[in-house]
Amino acid sequence: MMNNRPLQFVLGLIGALALASCDSGQVPSPADRMAGDVPVDVVDEGLVALHGEGLVAGAESFYFAAGRNEVEAALAYVLGEPVSRNEIDECGAGIMAMTSYSGELTVNFQDGSLVGWNIGTAPEGEAAKIQIDADVAIGMPAEELADTAGYSPIEDSTLGEEFALSDRVGGFVDGGSVSMLYAGTQCFFR
């Protein structure tokens with residue numbers, strides 16, 4: 001009678017390596033989330049929370065690299081159906097698909113995965129359902145930005161008065177106040 005233990009061990013090892021190779025490395029591990037290295041928000045089921053690692057829509061959290069269908073379904077549940085969808089072939093980062101919702105929230109996708117978001121309106125109307133996990137808000141006076149943790153102006157930006165909040169969230173000032181916030185990959189022509 002033949003002992004199958006070595007064969008079972010090798011097959012198990014091959015299976016484990018195959019599963020490990022499926023990890024894109026872009027989504028934080030459960031251990032990282034539990035250690036507090038990345039934000040994990042719990043928000044009201046009727047709200048969307050935007051942060052530098054992705055977004056939370058109702059009870060579901062999505063990090064950059066999450067699937068487009070799941071993200072769009074969760075956002076539609078909270079914000080209603082998208083107001084527009086388009087695709088731009090000429091982005092410096094590559095082909096970008098964008099889905100926009102009421103409240104001037106646009107989410108960006110590449111190859112079927114969430115890669116970024118941007119928002120450009122003050123929280124009123126439908127936008128009142130959208131929270132930003134930062135010490136900056138749309139409409140905030142530009143003079144208050146310098147006192148914000150992680151703030152640094154982006155010198156020589158060809159897009160206007162641009163700033164960064166740490167290395168994950170950025171934004172623009174127009175007319176003396178914050179006019180847009182963004183995180184992740186964008187289709188900005190610099």
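Analyst: In this predicted model, β4 and strand β5 (residues 96–101) run antiparallel and are joined by five bridges. Within this pairing, serine 84 has serine 100 of β5 as its bridge partner. Another five bridges connect β5 with β6, again in an antiparallel arrangement, and here tyrosine 101 is the bridge partner of leucine 105 in β6. The two strands β5 and β6 form a hairpin with three residues between them. Glycine 103, in the turn of that hairpin, has a positive phi of about 95 degrees.

Six of its six residues are buried, so β6 is largely enclosed by the rest of the structure. In a regular strand the side chains alternate between the two faces of the sheet. In β6, Leu105, Val107 and Phe109 point one way, whereas Thr106, Asn108 and Gln110 point the other way, and all are buried. Burial here denotes under 20% relative accessible area.

Helix α3 (residues 68–79) lies across this part of the sheet, over β4, β5, β6 (105–110) and β7 (113–119). The helix runs at about 15 degrees to β5.

The open sheet has eight strands in the order β4-β5-β6-β7-β12-β11-β10-β9, with antiparallel pairing. At its edges stand β4 (84–88) and β9 (151–154), each with a single partner strand, so one side of each is left without a neighbour in the sheet. From one strand to the next, the twist averages 25 degrees.

The largest pocket has a volume of about 190 Å³. It is lined by 14 residues, of which Asp133, Ala134, Leu165, Ser166 and Val169 are the closest to its centre. By class, the lining comprises five nonpolar, four polar and five charged residues.

Definitions and conventions
Residues numbered from 1 in each chain as written. Predicted model: local features only at pLDDT ≥ 70, side-chain atom pairs only at ≥ 80, totals over all residues. Heavy atoms only, no water. Pairing = 2+ DSSP bridges. Helix = DSSP H or I, 4+ residues; strand = E, 2+ residues; numbered from the N terminus. Axes fitted to C-alpha atoms, helices over the stretch in contact; angles between N-to-C directions. Contact = heavy atoms within 4.5 Å. 1 Å grid on protein atoms, 1.4 Å probe; cavity = no way out; pocket = protein on both sides within 12 Å on 5 of 7 lines; lining within 4 Å. Points joined across faces, edges and corners; volume = space filled by probe spheres on them. Nonpolar A, V, L, I, M, F, W, Y, C, P; charged D, E, K, R; others polar. Buried < 20%, exposed > 50% of the residue type's maximum accessible area, 1.4 Å probe, protein only.
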